[in-house]
Amino acid sequence: MYHDMRHEKVIYQNPFLSMRIWQNDTAQPTTEEVRLNLEHAWEKKQYFEWHYHEEVEFLLILKGEITAFCIEERLVLRKGDIALFGSSEPHTTIQSKGGSLSYIIIQIDLRKYWDQSTLNSMKHFSEVIRPLSALNYVYKENREVRTVTATHIREIYREMNDKHIGYELAVSSRIKNILLLLLRHDEQLQLNYNDNRLLDQIQPAVDYVEKHLSEKLPVADLSRLLNMSYTHFIKTFKKAVGMSFTDFVAYKRIKKAEQQLLTNNDASIAEVAESVGINNVGHFYELFRRYNDCSPKQFKDRLKNVGSS
């Protein structure tokens, strides 16, 4: 039986560290039929039985084999491999082969690790444009980064269980070292935007968009918010983020609409469109198709079809 995508509430083991880490061991592999159904559903962009949470997630395989799915890619993970999922990024995993399976999962609210001393570096992990899963190529291609990160994850697990004096400091420093490894070895520049100094300038506008997606967002209002002229704002925004302000707002609205369609089966297409600030349903269909190669109705019907199969 298939279920709707669920929002997973993460209960922190230490609220000051804003994280949870645990080891999962199993010897009961998923049946071949279920695995094939999940593979087929992912290929058709159907995401039942998936979940998401506000925390970033790292997955380290200790034994066995797992197939991990996010919207954009499928990862086959074996002993020593690592997968990364971004904040609120839908994903799921399934045991690929028989035999025993063991892995460590660490879920972290990275926002709690931002302070005045790290702000300039941590902004790279804000996922303004793309989810952090775009960095999985680093773990796939760079053995040294993968090995060192695995050591950090194991040590975080040990520190959280032993709770010796200063363990919070040890855990926090290892988390930051994991992020530093990604930042230093991101050869594809997935964590970098065109001009990060400019990104600092327009960050208040980005934050405002995130909080007010359901409302009208005139460029003139945002330019006044930043004390910029209309022309200077649109030029600065595009240079900093890599897309126009209008395209950025559309992108964010469609991504939020996708999540609504995945998690709220009772909402009509018009209600979803209105909830993300698009009152013209025709325009909503046009934007949705641009980013998904299908209409929102087709997107929603796919989910119903999987649920009844």
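Helices are DSSP runs of H or I with at least four residues, numbered from the N terminus. The exercises below concern a predicted model.

**Exercise 1.** Determine how far apart Phe284 and Phe288 are in helix 11, in helical turns, and classify their aromatic pair.

*Solution.* Step 1: helix 11 comprises residues 281-292, and because Phe284 and Phe288 are four residues apart in it, about one helical turn separates them. Step 2: the ring centres of Phe284 and Phe288 are 5.9 Å apart, with 55° between the planes, and the pair is tilted. Step 3: Phe284 is buried, its relative accessible area being 0%; Phe288 is likewise buried, at 0%.

**Exercise 2.** Classify the aromatic pair of Phe237 and Phe245, and state which residues form one aromatic cluster.

*Solution.* Step 1: the structure holds six aromatic pairs. Step 2: in the pair of Phe237 and Phe245, the centres are 5.2 Å apart and the planes make an angle of 90°. Step 3: planes over 60 degrees apart count as edge-to-face, and the pair of Phe237 and Phe245 is accordingly edge-to-face. Step 4: Phe237 is buried with a relative accessible area of 0%, and Phe245 is buried with 4%. Step 5: one aromatic cluster is formed by Phe233, Phe237, Phe245 and Phe248.

**Exercise 3.** Describe the packing of helix 4 (residues 143-162) against helix 5 (residues 167-184).

*Solution.* Step 1: the axes of helix 4 and helix 5 come within 9 Å and cross at roughly 160°. Step 2: angles over 145 degrees count as roughly antiparallel, so helix 4 is roughly antiparallel to helix 5. Step 3: the crossing of helix 4 with helix 5 is left-handed. Step 4: the residues of this contact comprise 11 nonpolar, three polar and three charged.

Definitions and conventions:
Residues are numbered from 1 along each chain as its sequence is written. This is a predicted model: local features need pLDDT of at least 70, side-chain atom pairs count only at pLDDT 80 or more; totals for chains, interfaces and linings use all residues. Side-chain values use heavy atoms; hydrogens and water are left out. Axes are lines fitted to C-alpha atoms, for helices over the stretch in contact, and angles run from 0 to 180 degrees between N-to-C directions. Helices (H or I, at least four residues) and strands (E, at least two) are DSSP runs, numbered from the N terminus. Angles under 35 degrees count as roughly parallel, over 145 as roughly antiparallel, 65 to 115 as roughly perpendicular and the rest as oblique. A crossing is left-handed if the near helix is turned anticlockwise from the far one by less than a right angle, and right-handed if clockwise. Ala, Val, Leu, Ile, Met, Phe, Trp, Tyr, Cys and Pro count as nonpolar, Asp, Glu, Lys and Arg as charged, and the others, Gly among them, as polar. Rings of Phe, Tyr and Trp (its six-membered ring) pair if their centres lie within 6.5 Å; planes under 30 degrees apart count as stacked, over 60 as edge-to-face and the rest as tilted. Buried means under 20% relative accessible area, exposed over 50%, partly exposed in between (1.4 Å probe, protein chains only).
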